[in-house]
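Take a moment to look over the chain as a whole before following any part of it.

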Amino acid sequence: MKLFHEPQVFPLVNQPASAAYSIDLHGFLDTEQPWIIEFWLLNHVNQPIGFEVFLDQRPLLANWNKKWLLPGFEEPQRFWDKYFTHLVLATGENDLKIYENGNLLFQGEKARGESLLLRSYLQEEPYMKLDHWVKHLAIFSGQMPENWASERFARHQFWKREGVRVPGKFHFLAEPYLYVPGPSQMQITFELDRKAAVKLFLGEAIRSLEAFELSPEQENRYHVQLNDLKPNTPYFYEIQAADDQGNVLKSGPLTFRTAPEKNSPILVGLVSDTESRPQINEQIGLQLWEERVDAVVHLGDMTDGGNEPEKWQWTQEFFPGTSALFSRIPNIPAAGNGEGDLFWYTAYHPQANALGCYSTEYGSATFFVLNSNQPDELKKGGAQYEWLKEGLSRSNSPWKFVMMHHAPYSMDEDDYGNTWQGKGTYGDRRFQPLLRLLEDFEVDMVFFGHLHTYMRSFPLYLDQVDVERGITYVQVGGMGGNLEDFAPNRVPFSAKTFRGFHYGTLAITDGRLELRMHAADGKLVDLLEIRKRN
């Protein structure tokens, strides 16, 4: 029997933790003949996860906590490029062979049966589903040719390097992604896996969308700048693309609302450190969508190290995990150390200047977004410092917020000295000159991430609690990064801490601010109200 050119591919979507996912081989495979099952696995989590493969209730293979398991057989899982494993189960005339990353891992008696069962054990990773781990699953009929496993492994390596999410299928590498420069503007970024003729459909009513032809900015990546829009107005849009083979890709109808005019009330989401957990990104994205926030401020570490060779961290983790939110709600992001060399951060975020910083006015607030990967530039005389000083001096917004990734204050247990063995610095002291500048211009609040916990300070001025002149510092590091912990004792500036995945909202008017912080399930964790002094 010849090997099929195209495999039977089974999407592993919407499979909850600890769920059994069943595939019936009967009807399209002659189970008396050889067959192949191929997996492409991405294990980029910190807690133990596992799955088992059964054929007619007999175990073929199991994986738990990065080990392969069979009766009388246990081997550590070997990863390609830290996180990926290519796995092949193949039957011959009389034997079963298992290949890992193109190399023979196990050979035994042939397995026969009609019902294949894949059972997952993901309860240690909140909200994780099987498709967050098993990225590709394909079943082939026929005898496996010589060197087939190593050749398929090489092909998967190529797809990983290129950031391909669905091999052979016309798809978005980056779904439509919104940024709002101003009340009459909107910016849409997206990327396709191939060249195509692309149109944007846009209008105020879904049945009367006007079509615009688009050209890529670079390769297959598009940045669409929409101008002359109406402020505080809902719009509908859709991306449609056709490749040279006649395949058509549609985003489906999407929507956004332009920013309100200056000094209008706004509701803004707060998140940070999405990193390597699209399942947490999805959960928190749903919560923020339920709130219908006007925009979301992302405080950095969108990926866990998405530098130029690691495009997959954007296309297989960040965009899949956040697209449902950011295709409808604009994102205002800061660069974190997780963005690596900023290659892809810059590619997907053209609003940042050469320093990696920018500002945006939104309603009654101005958000100054800093690139804290360059702490020397945030000292007096540094380029970002002087840029910020000029921007603060010109701003007449009722509320001024500074957004950055790294922590000027924190109660973290060991990032700034091991507090279980002695006293730490409780924050990055390199930012002290920056804090004096913020105090001089009476900045209202500073938001940051980096540490994967929540912390809110009392108002601080010159490193001391001062409710009259102080700035409130808020650490929001809980949208996906592996949770960290606090020092064994509260430090004097800390007003509230929470260890768990979380997100926040800011409800802002001219004279009143309400900060709410929620756990990933929506439970209220913290509430703060600030009123402007007359």
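Predicted model: local features only at pLDDT ≥ 70, side-chain atom pairs only at ≥ 80, totals over all residues.

Five bridges join strand S25 (residues 365-369) to strand S26, and the two run parallel; strands are said to pair if DSSP finds at least two bridges between them. Within this pairing, Thr-366 stands opposite Lys-400 in S26. Strand S26 covers residues 399-403, and five of its five residues are buried, where buried means under 20% relative accessible area, exposed means over 50%, and partly exposed lies in between, with a 1.4 Å probe and protein chains only. Which residues of S26 point one way, and which the other way? Trp-399, Phe-401 and Met-403 point one way, whereas Lys-400 and Val-402 point the other way, and all of them are buried. In a regular strand the side chains alternate between the two faces of the sheet.

Residues are numbered from 1 along each chain as its sequence is written, and side-chain values use heavy atoms, with hydrogens and water left out.

Seen as a whole, the protein has six helices and 35 strands; these are DSSP runs numbered from the N terminus, helices being H or I with at least four residues and strands being E with at least two. The C-alpha trace spans about 85 × 65 × 40 Å along its principal axes. For 534 residues, a compact globule would have a radius of gyration near 24 Å, and the protein's 25 Å agrees with this; the radius is taken over C-alpha atoms, and the globule rule is 2.2 Å times the number of residues to the power 0.38. Of the 534 residues, 57% are buried. Contact means heavy atoms within 4.5 Å, and among the contacts with a separation of 6 or more, 71% are between residues 24 or more positions apart.

A second pairing involves strand S12. Strand S3 (residues 35-42) and S12 pair in the antiparallel sense over seven bridges, and Ile-36 stands opposite Phe-140 in S12. Strand S12 itself covers residues 134-141, and because seven of its eight residues are buried, it is largely enclosed by the rest of the structure.

Moving on from S3, the reader comes to Ile-49, in the loop between S3 and strand S4 (50-55). Is Ile-49 buried or exposed? With a relative accessible area of 1%, Ile-49 is buried. Leaving aside its neighbours within four places in sequence, Ile-49 is in contact with several residues, including Asn-63, Trp-64, Asn-65, Tyr-121 and Trp-133. One of these contacts, Asn-65, is found in the loop between strand S5 (58-64) and strand S6 (67-70). Asn-65 is partly exposed, with a relative accessible area of 39%, and its phi is near 55°, a positive value in a residue other than glycine.

Asn-232 also has a positive phi, near 50°, in a residue other than glycine. Asn-232 is found in the loop between strand S17 (221-226) and strand S18 (234-242), and at 38% relative accessibility it counts as partly exposed.

Leaving aside its neighbours within four places in sequence, Thr-255 is in contact with Leu-178, Tyr-235, Phe-236, Tyr-237, Ser-327 and Arg-328.

The last stop is a hairpin. How many residues lie between S34 and S35? The hairpin has four residues between its two strands, and Gly-522 in the turn has a positive phi of about 100°. Strand S34 (residues 512-519) and strand S35 (residues 524-531) pair in the antiparallel sense over seven bridges, with Glu-514 standing opposite Glu-529 in S35.
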